[in-house]
Amino acid sequence: MDNVRGSRQNLLEVETIMLKPLPEIAESIDDAICHELSMWPEEANDLLLIVEAISRGDLKLVLVACAKAVSENNLLMARWCMGELRGMVSISGEPIQRLGAYMLEGLVARLAASGSSIYKSLQSREPESYEFLSYVYVLHEVCPYFKFGYISANGAIAEAMKDEERIHIIDFQIGQGSQWISLIQAFAARPGGAPNIRITGVGDVSVLVTVKKRLEKLAKKFDVPFRFNAVSRPSCEVEVENLDVREGEALGVNFAYMLHHLPDESVSMENHRDRLLRMVKSLSPKVVTLVEQECNTNTSPFLPRFLETLSYYTAMFESIDVMLPRNHKERINIEQHCLARDVVNIIACEGAERIERHELLGKWKSRFSMAGFEPYPLSSIISATIRALLRDNSNGYAIEESDGALYLGWMGRILVSSCAWK
């Protein structure tokens, strides 16, 4: 019983930290309407609609109303909505309540012009690396988004390299290197013996050391000739000379969930997003894989971006709710450390400080085509493999194929796209 009370107390403390109270605007909703009606006479009907939404618990409508007020710099309305929202959101409630808590945090930060500091504080609150890895691992296991991306990308690489004896793969955001475990095993089982494999991983130096040891140990176990090249610098600063591209090696390049982090022409004259694509094309790769969230948050103005974020992450939180029990002890940590920071950044930050800049596949296709790439259609074998994977997950997931690309969706909302280029 003491443990239960302690857990509840910890949960309340987390919510208190996240949802710090704003100054009271008025004693009640009626007082606010009577006292300040002159400040928004044309919005009286909107205000009554919001009051009705609050009374029936329509959290989505109140979130949108608050975002609209923030976008119009209507401080009184925004702060009033925020005060009401604090009683409606909860990081331990329904999916929309949990997402709403993080979206409210983003709105508060934006209104206070403290978006970048809130984002940085979320980064500073990240757990120790081993804890974070455990959260990511659980998220990967219960939600097929990452498996979908990794399997489709690996399938395209394996197919393109099926007759090659010397293979070089460049991963511009290698993370923990988990994507390459199954590919190394697949190459090990290749008739005639495994090819020589070299992987260049771009990432943080402390992580790259661990990844190198992990993949080398795996390759040795499966008798695969293997070397690892670590590039410890931001992806936007990588130059050709860092990649150690060698003649006689078949080159594959992997962009899994990373290109949307690079600033484009709307942020910087340097346009690192397109510069990197042109640089990769100059290396004459045999295949380039792209996996991205199917979400449009790059150049959209604030309010449409907020609505897109609400739609996209509602589907994601609902899918997590189905696969991960509400009482799972790590669910709050998983959502807070793996998803909340992205949501806050999209809503609260602008300019170079907004790191999460997703684009739809149609836009990515334009960028790849302008860089000189041609589509490399994904085979039916890859889609069949992923469909088999989804049998172990909820019926809410679905796979779609279109123009050589694959899409993973939840309850009719496309969440991830995957394609390949040459």
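This is a predicted model: local features need pLDDT of at least 70, side-chain atom pairs count only at pLDDT 80 or more; totals for chains, interfaces and linings use all residues.
Residues are numbered from 1 along each chain as its sequence is written, and side-chain values use heavy atoms, with hydrogens and water left out.

Of the 422 residues, 51% count as buried, meaning under 20% relative accessible area. The chain has 16 helices and eight strands, taken as DSSP runs (H or I, at least four residues, for helices; E, at least two, for strands).

Now for one residue inside. H168 lies in strand β1 and is buried, with a relative accessible area of 1%. Setting aside neighbours within four places in sequence, H168 is in contact (heavy atoms within 4.5 Å) with residues including R198, T200, D244 and E249.

On to a helix pair:

| Helix | Residues | Contact residues |
|---|---|---|
| α12 | residues 272-282 | R273, D274 and L277 |
| α15 | residues 361-370 | W364, R367 and F368 |

Helices α12 and α15 pack at an angle of about 50°, with their axes 9 Å apart; the axes are lines fitted to C-alpha atoms over the stretch in contact, and angles run from 0 to 180 degrees between N-to-C directions. The two helices are therefore oblique to each other, as angles under 35 degrees count as roughly parallel, over 145 as roughly antiparallel, 65 to 115 as roughly perpendicular and the rest as oblique.

Technical notes. Buried means under 20% relative accessible area, exposed over 50%, partly exposed in between (1.4 Å probe, protein chains only).
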